[in-house]
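Hi,

Here is the model I promised to pass on. Have a look, and my notes follow below.

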Amino acid sequence: MSETTVSGLAGRMPKFLRRADPAVLTAFACIVLLLFLGSLYSRSFLSPEYLLQQLKVASFLGVIATGMMLVILLGQIDLSVPWSVAAGAMMACAAAAYGPVGVALAIPFGIFCGVLIGVVNGIGVAYLRIPSMIITLATNAVAQGLMVVYTGGFSPQDSATGAMRYLATGFAVPGVPNAVLIWALIGAAMVFVLTRTGFGRTVYGIGNRERAAYLSGIDTRRVVMIAFAVSGGLSAFGGVLLAGYASKAAQSMGDAYLLPSIAAVVLGGTSILGGRGSYLGTVAGVILITLLQSILSVMQMPEAGRQIIYGVVIVAMLLLYGRAPASR
Amino acid sequence: MKDWRYWFAEQRGTLLAFGIFVVMFIIYTSNHPAGFTANVVQTASNKGVLLAFVAMAQTLVVITAGIDLSVGMIFTLTNCLASWLVVGTGLETAFGVIAVLGTGLLCGAINGAIVIYGRLQPIVATIATGAVYFGIALLLRPFPGGSVNEGLADALTGRLFGIVPASLVTLLAVVLVVWVPFSRSVLGRAAYAAGSSEMAAYMSGVPIRRGKFAAYTLAGLLAAIGGLFLTFFTYTGDAAYASGNAYTLFSIAAVVLGGVSLFGGKGSAIGAIFGALAFRTIGDLLFVFDFDPLWQPLFQGVILLIAVSLGAFALFRVRNRLEWFL
């Protein structure tokens with residue numbers, strides 16, 4: 001019973017702080033600035049079609065960044081995103097080749113594979129106490145190895161099922177792409193979990209000080225493990241959606257999502273050390289990254305210039321508001 | 001007697017890595033169709049030395065309890081730069097080498113400045129600077145190509161006196177010129193102290209900032225030496241994202257195998273070198289056993305997973321459960 005009052009207090013505090021988080025405000029200000037700069041270049045940057053298209057592209061990153069955020073809130077990191085995405089996509093497409101049952105189970109099977117990768121990460125981090133950066137790199141390498149053996153080194157020939165394509169490109173509600181709808185649903189679920197459930201409060205607690213959370217009688221290892229499993233599952237689901245969008249899976253489809261997902265979460269004001277951050281910030285970070293990528297590609301910036309600007313912008317924004325407190 | 005035990009305890013990780021390497025290399029050469037010949041050793045050492053340089057670079061940063069996820073990209077960038085500059089007459093080549101190494105130092109210094117004086121987390125900061133370095137590499141070499149002073153390249157990747165691989169001699173020289181002075185200097189000790197307990201080091205008046213900055217900068221230099229060597233090895237510059245990423249990943253694996261603690265303050269570059277050589281040999285074992293090369297990534301991944309899981313044995317020594325949470 002004392003636990004409820006303590007966690008209730010802890011639940012209210014970050015919420016109050018979140019309202020006035022300067023990082024989230026800066027991120028949204030940067031979005032407006034980017035749109036303004038874009039509109040100077042071309043009017044079409046402000047058209048609803050363009051904005052909706054960007055939101056749709058952003059939703060794939062949004063789903064993946066949601067899982068990443070959960071892990072970063074714990075003070076850990078998930079570097080197995082690239083091949084969790086690819087494994088989810090490839091396994092879903094592979095299942096589709098096994099008749100009608102396979103088609104029906106394609107999406108759950110893809111997500112299941114991602115959860116499996118996440119569980120291995122979780123066991124390593126929570127029970128074996130291996131630094132998350134290392135164990136997730138290792139599982140990423142193993143997942144890559146498995147996929148290379150499975151596909152024989154080529155992009156797999158199996159194509160995405162109708163359901164996957166519908167989720168990624170269809171319109172259940174007129175005018176709103178399904179991918180955006182899915183991101184909104186997952187985001188709403190995440191906000192609910194983080195702010196309204198004991199699990200969410202525990203996540204913030206572990207991120208602040210795992211020792212204290214453990215001494216408060218929380219099974220911190222189970223929570224860490226679940227968080228990694230969720231992250232793996234969401235990465236794989238992002239991969240399933242991407243496969244539906246491109247109608248097939250590809251070898252290195254996940255590589256382009258590791259840096260952006262971390263950057264989106266961190267630019268959204270979530271502390272990389274854990275324990276602090278809001279989902280609203282992550283939404284801002286995801287939109288910001290997607291807009292930046294889109295504007296650079298519309299300006300026909302070559303890949304080299306995009307990488308440079310991208311890196312410089314991330315460092316510059318972090319220097320603006322992501323700095324650690326001055327030592328002592 | 002006592003001194004000897006201390007030394008052993010300090011070098012346990014390095015000795016373990018050395019042991020793994022020797023066992024793996026014996027298995028490798030005894031199953032190699034050509035056997036233990038100068039040619040086999042030369043090829044193996046050329047491949048191993050590339051990773052050894054990058055692993056040394058990673059070690060310097062890991063000792064300070066940081067991580068440098070841009071080493072692979074500095075490696076790629078300097079490879080592309082060397083394919084432009086390290087050509088022509090002897091003097092031009094010499095200036096080219098100096099320019100390439102200077103670029104590496106600069107990249108490392110930028111990382112260090114952002115992490116230490118900008119107070120950003122090393123993971124995110126070096127991922128971002130890595131993107132910048134890769135972008136510059138891509139500007140220099142949109143397509144693989146270029147050339148290198150072949151006389152110098154052949155001399156450094158060939159054999160001395162027909163037996164000793166020149167790359168191993170270079171590696172030894174770099175260890176003696178960079179690592180040994182650094183680890184014995186005040187700055188090197190500051191880097192170790194900052195990694196083992198930054199607060200205590202600060203309170204004792206150790207120059208932790210300068211020590212960490214020197215570690216990041218020298219890491220850039222070592223990655224550049226690796227990039228230079230890649231150019232000597234392949235004769236071309238190639239801005240390949242996958243290869244840069246793989247070297248970053250493998251450098252972490254080599255550091256872990258080499259007994260360097262990722263929490264900082266423990267381990268040595270010598271251990272990381274043996275870790276790198278062992279990792280390369282394990283990866284090549286598949287070839288001598290005639291496996292399908294498709295299995296290589298999986299095999300390397302599983303080795304990596306097992307290697308990092310071995311660290312979990314320390315859990316059995318934990319008496320107080322609170323020590324789980326570092």
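**What I found**

Ala250(A) sits in the loop between helix 11 (220-246) and helix 12 (255-267) of chain A. (Helices, H or I over at least four residues, and strands, E over at least two, are DSSP runs numbered from the N terminus.) This is a predicted model, so local features need pLDDT of at least 70 and side-chain atom pairs count only at pLDDT 80 or more, while totals for chains, interfaces and linings use all residues. Residues are numbered from 1 along each chain as its sequence is written, and chains are lettered from A and ligands numbered from 1 in the order in which they are written.

The cut-offs are 20 or more other C-beta atoms within 10 Å for buried, 12 or fewer for exposed, and partly exposed in between, with C-beta atoms placed from the backbone. Ala89(A) is 161 residues away from Ala250(A) in sequence, yet the two C-alpha atoms are 8.1 Å apart.

**Helix 12 of chain A**

Of the 13 residues in helix 12 of chain A, 11 are buried, so the rest of the structure largely encloses it. Among them are Tyr257(A), Pro260(A) and Ser261(A). The cover includes helix 2 (22-41), helix 3 (48-73), helix 4 (81-96), helix 13 (279-298) and helix 14 (303-321) of chain A, along with helix 6 of chain B. The length checks out too: at 1.5 Å a residue, the 13 residues of helix 12 of chain A should span 18 Å, and the end C-alpha atoms are 19 Å apart, which agrees. (The expected span is 1.5 Å times one less than the number of residues.) After helix 12 of chain A comes Gly269(A), with a positive phi near 90°.

**Where the chains meet**

Between the chains, 42 residues of chain B are in contact with 44 residues of chain A, where contact means C-beta atoms, placed from the backbone, within 7 Å. On the chain B side, helix 6 (122-140), helix 12 (241-257) and helix 14 (296-310) each supply at least two residues. Helix 6 of chain B has the largest share, with 13 residues. By class, that side of chain B has 33 nonpolar residues, eight polar and one charged. (Nonpolar is Ala, Val, Leu, Ile, Met, Phe, Trp, Tyr, Cys and Pro; charged is Asp, Glu, Lys and Arg; the others, Gly among them, are polar.)

**Chain B itself**

Chain B has 14 helices and two strands. Its radius of gyration is 20 Å, close to the 20 Å that the globule rule gives for 326 residues, so chain B is as compact as a globular protein of that length. (That radius is taken over C-alpha atoms, and the rule is 2.2 Å times the number of residues to the power 0.38.) Of the 326 residues of chain B, 52% count as buried.

Helix 9 (residues 186-196) of chain B is mostly covered, with eight of its 11 residues buried. Those buried residues pack against helix 3 (38-63), helix 8 (166-184), helix 10 (198-203) and helix 11 (208-234) of chain B.

How do helix 3 and helix 11 of chain B cross? Their axes come within 8 Å and cross at roughly 170°, where axes are lines fitted to C-alpha atoms, for helices over the stretch in contact, and angles run from 0 to 180 degrees between N-to-C directions. The two helices of chain B are therefore roughly antiparallel, the word for angles over 145 degrees. Their contact has 19 nonpolar, two polar and no charged residues.

Cheers

Note on methods
Two residues are in contact if their C-beta atoms, placed from the backbone, lie within 7 Å. Angles under 35 degrees count as roughly parallel, over 145 as roughly antiparallel, 65 to 115 as roughly perpendicular and the rest as oblique.
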